[in-house]
Amino acid sequence: MNVKSLLDQRVSFLPSALTKWLLLYWNLGLYKGEKLEKWIASKLKARGIVTFGDLPAGSLRIIASDLTNSKLVILPDDLPRYGIDPKKFPVAKAVRMSCSIPYFFEPVRLRTNPVSLIVDGGVLSNFPIFLFDDDQKRKQRPVLGIKLSPREKEEDKKNIKNAIAMFSALFDTMKDAHDARHISKRHERNIIFLPVSEVFATEFSLPDEQKHQLFHYGKNKAELFLKRWCY
């Protein structure tokens, strides 16, 4: 599909360059994210899924970040704290909340008192394997992870020489340090690491050739992992 069709910028009669910065300043994001949510909702509805009440209890949990209250949010588990019935909450809305990349998509405003601004869960936890950590229960099946980055010991060290580099390093630390503590050797053997440093989540204009290269890169890495992997 043409993923650029999911980028819904607000309409304005001001000059484009000025509009871009004003929208970012007032709306906290370049794109509304409504088209993305509607597209996800249509795909789920075709499978008979609208709200979390349509899913088996505990079968899906989605991570988001509450900037207003400085909290990691697990959906639908934490919705009662906001006075919201999880069974009536749209799954597409939760996905929309979880992928609200700061400054790219506008935050989702939960109509609580006060209004809570919700953004991408990756801000606080980009690989929430801790959701599956319960040593009190024996797992019925293994938990396999896919991480679009190298192993911690293979990560390049940050070269911070200016404020922009420091901001980048700060953001990377915020989203990765929490999860790194949970990726022990016990977990590491169950994770497929796919270092993809040359492509960013906000690149909605990738040529088809590069998309195919990424697809086959992931497929080959996964096949190699599964040939060596044992539970």
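This is a predicted model: local features need pLDDT of at least 70, side-chain atom pairs count only at pLDDT 80 or more; totals for chains, interfaces and linings use all residues.
Which residues in α3 are buried? Here are some friendly notes on the structure, starting with that helix.

1. As for the opening question, Val91, Ala92, Ala94, Arg96, Met97 and Ser98 are the buried residues of α3. The helix is mostly covered, since six of its eight residues are buried. Those buried residues pack against quite a list of elements: helix α2 and the strands β2 (62-66), β3 (71-75), β4, β5 (108-110) and β6 (116-120).

2. **The overall layout.** Stepping back, the protein chain contains six helices and eight strands. Read from the N terminus, the order of elements is α-β-α-β-β-α-β-β-β-β-α-α-β-α. Of the 231 residues in the protein chain, 33% are buried.

3. **How α2 meets α3.** Helix α2 covers residues 34-45 and helix α3 covers residues 91-98; their axes come within 8 Å and cross at roughly 140°. The two helices are therefore oblique to each other, because an angle has to be over 145 degrees to count as roughly antiparallel. Their crossing is right-handed. On the α2 side, the residues in the contact are Glu34, Glu37, Ile40, Ala41 and Leu44, and on the α3 side they are Val91, Ala92, Lys93, Val95 and Arg96. Sorted by type, the contact has six nonpolar residues, four charged ones and no polar ones.

4. Where is Ile49 found? Ile49 belongs to the loop between α2 and β2. With a relative accessible area of 18%, Ile49 is buried, because the limit for that class is under 20%. Leaving aside residues up to four places away in sequence, Ile49 touches Leu44, Asp54, Leu55 and Val91. Ile49 and Val91 are 42 residues apart along the chain, yet their C-alpha atoms are separated by 7.9 Å.

5. **The aromatic pairs.** How many aromatic pairs does a search of the whole structure find? The search finds six. In one of them, the rings of Tyr31 and Phe104 have centres 5.1 Å apart and planes at 55°, so this pair is tilted. Tyr31 sits in strand β1 (residues 29-31) and Phe104 in strand β4 (residues 103-105), so the pair ties together parts that are 73 residues apart in sequence. Tyr31 counts as buried at 17% relative accessibility, and Phe104 counts as buried at 12%. Phe225 and Trp229 make a stacked pair, with 6.4 Å from centre to centre and 25° between the planes. Here Phe225 is buried at 14% relative accessibility, whereas Trp229 is partly exposed at 23%. Ring pairs also link Tyr31, Phe104, Phe105 and Phe204 into a cluster.

6. **Glu223 in α6.** Glu223 lies in helix α6, which spans residues 208-228. At 38% relative accessibility, Glu223 counts as partly exposed. Glu223 and Ile192 are 31 residues apart in sequence, and their C-alpha atoms are 9.9 Å apart in space.

7. **Two cis peptide bonds.** Both of these are worth a look in your viewer. The bond from Leu75 to Pro76 is cis, with omega near 10°, and Pro76 is placed in the loop between β3 and α3. The bond from Asn113 to Pro114 is also cis, with omega near 0°, and Pro114 is placed in the loop between β5 and β6.

8. **Two positive phi values.** Ser70 is not a glycine, yet has a positive phi of about 55°. Ser70 is found in the loop between β2 and β3 and counts as exposed at 65% relative accessibility. Tyr103 is another residue other than glycine with a positive value, its phi being near 75°. Tyr103 is found in strand β4, and with a relative accessible area of 55% Tyr103 is exposed. Phe104 of strand β4, on the other hand, is buried.

Methods. Residues are numbered from 1 along each chain as its sequence is written. Side-chain values use heavy atoms; hydrogens and water are left out. Axes are lines fitted to C-alpha atoms, for helices over the stretch in contact, and angles run from 0 to 180 degrees between N-to-C directions. Helices (H or I, at least four residues) and strands (E, at least two) are DSSP runs, numbered from the N terminus. Angles under 35 degrees count as roughly parallel, over 145 as roughly antiparallel, 65 to 115 as roughly perpendicular and the rest as oblique. A crossing is left-handed if the near helix is turned anticlockwise from the far one by less than a right angle, and right-handed if clockwise. Contact means heavy atoms within 4.5 Å. Ala, Val, Leu, Ile, Met, Phe, Trp, Tyr, Cys and Pro count as nonpolar, Asp, Glu, Lys and Arg as charged, and the others, Gly among them, as polar. Rings of Phe, Tyr and Trp (its six-membered ring) pair if their centres lie within 6.5 Å; planes under 30 degrees apart count as stacked, over 60 as edge-to-face and the rest as tilted. Buried means under 20% relative accessible area, exposed over 50%, partly exposed in between (1.4 Å probe, protein chains only).
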